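The sequence and the structure are shown first.

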Amino acid sequence: MGPYPPLRLYRIPFSTNVERVALALAHKRIEVEWVDIDPDDRSEVVRVSGQEFVPVLVEGDRVLTDSPVILEYLEQRFPEQPLYPAEPARRAELRTFVDWFNRVWKRPPNLIVDEEAKAEPDLDRIAELGQQIADALPLFEDLLAGRDYLFGDELTAADVVAFPFLKYAVLWEDGDEERFHEVLRERQQLDGRYPRLEAWIHRIDALPRA
């Protein structure tokens with residue numbers, strides 16, 4: 001760690017974005033102090049970071065929010081066991097995937113939850129959004145053709161970013177009552193049609209978390 005202060009990370013149970021960072025930390029063999037937060041009382045997170053979402057990474061006076069930003073910082077700070085390709089073109093491709101996943105892929109499940117919360121949900125809109133989630137499954141299946149990970153033969157940030165969301169097609173943890181996660185489980189029905197994706201989910205799930 002050299003002159004750097006220790007890392008502290010704020011988390012809540014079952015957080016997909018926290019799991020992203022936990023996978024990256026374990027891959028890079030980085031030690032971290034976890035701070036567990038009650039999902040119903042995020043006052044400490046707000047005090048530390050000025051906003052209520054986790055994960056929040058604190059390193060001395062440095063405070064980082066948003067899991068992709070934290071992943072990029074960890075890559076810069078701890079380059080060993082890389083999660084981003086060294087080649088500029090491949091690195092740009094991976095960043096494009098991460099941006100697409102966060103800005104495009106994640107929208108339909110979030111919008112479904114928002115629509116369901118309305119007094120009179122638009123069921124046609126919900127069905128359309130659900131279909132968008134299902135329509136993305138062949139893309140991930142094709143990305144895994146002839147390789148073990150989304151961007152090649154080694155774990156990258158693409159796997160770390162996507163797994164905590166795609167895993168709900170196969171996995172479920174007792175006690176998880178998050179409606180967003182239920183939507184992911186309901187709308188990602190593999191039905192034996194995506195064997196590479198299912199194998200990848202089990203492959204990533206076998207990896208350690210910090």
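## Strand pairing

Strands β3 and β4 (residues 62-65) pair in the antiparallel sense, over 4 bridges. Strands here are DSSP runs of E of at least two residues, helices are runs of H or I of at least four, and both are numbered from the N terminus; two strands count as paired if DSSP finds at least two bridges between them. Within this pair, V58 stands opposite V63 in β4. The hairpin of β3 and β4 has 2 residues between the strands, and G60 takes a positive phi near 65° there.

The model is predicted: local features need pLDDT of at least 70 and side-chain atom pairs count only at pLDDT 80 or more, while totals for chains, interfaces and linings use all residues. Residues are numbered from 1 along each chain as its sequence is written, and side-chain values use heavy atoms, with hydrogens and water left out.

Strand β1 (residues 7-11) is joined to strand β3 (residues 56-59) by 4 bridges, and the two run antiparallel. L57 in β3 is the bridge partner of L9, and R8 stands opposite V58 in β3. Strand β1 is also joined to β2, by 4 bridges, but here the strands run parallel. In that pairing, R11 stands opposite D36 in β2.

## The sheet and its helices

Together, 4 strands form an open sheet in the order β2-β1-β3-β4, with mixed pairing. Its edge strands are β2 and β4, each of which pairs on one side only. Neighbouring strands of this sheet are turned against each other by 20° on average, direction ignored. Axes are lines fitted to C-alpha atoms, for helices over the stretch in contact, and angles run from 0 to 180 degrees between N-to-C directions.

Helix α1 packs on the sheet and touches β1 and β2; the direction of α1 makes about 150° with that of β1. Contact means heavy atoms within 4.5 Å. Helix α3 (residues 67-77) lies across β1, β3 and β4, and runs at about 130° to β4.

## Packing of α5 and α9

Two packed helices are described by the angle between their axes and the distance between the axes. For helix α5 (residues 107-116) and helix α9 (residues 179-187), the angle is about 115° and the axes are 9 Å apart. The crossing of α5 and α9 is right-handed; a crossing is right-handed if the near helix is turned clockwise from the far one by less than a right angle, and left-handed if anticlockwise.

On the α5 side, the contact involves P109, N110, I112, V113 and E116, which meet R179, F180, V183, L184 and R187 in α9. The residues of this contact divide into 6 nonpolar, 1 polar and 3 charged. In this classification, Ala, Val, Leu, Ile, Met, Phe, Trp, Tyr, Cys and Pro count as nonpolar, Asp, Glu, Lys and Arg as charged, and the others, Gly among them, as polar.

## Backbone geometry in loops

The peptide bond from V54 to P55 is cis, with omega near 5°. P55 is found in the loop between α2 (43-49) and β3. R29 is not a glycine, yet has a positive phi of about 55°. The loop that holds R29 is the one between α1 and β2.

## Pockets

The largest pocket has a volume of about 820 Å³. A pocket is an open set of points on a 1 Å grid over the protein atoms alone, where a 1.4 Å probe fits, with protein on both sides within 12 Å along at least five of seven lines; lining residues have an atom within 4 Å of a point. Grid points are joined across faces, edges and corners, and a volume is the space filled by probe spheres set on the points. Of the 28 residues that line the largest pocket, S15, T16, N17, F53 and V54 are the closest to its centre. The elements giving two or more residues to this lining are α1 (16-28), α5 and α9. By class, the lining of the largest pocket divides into 10 nonpolar, 10 polar and 8 charged residues.

The second largest pocket has a volume of about 400 Å³. Its lining comprises 19 residues, of which F14, S15, E19, K167 and E173 lie nearest its centre. Two or more residues of this lining come from each of α1 and β2 (33-36), and α1 gives the most, with 3 residues. The lining of the second largest pocket has 10 nonpolar, 1 polar and 8 charged residues.
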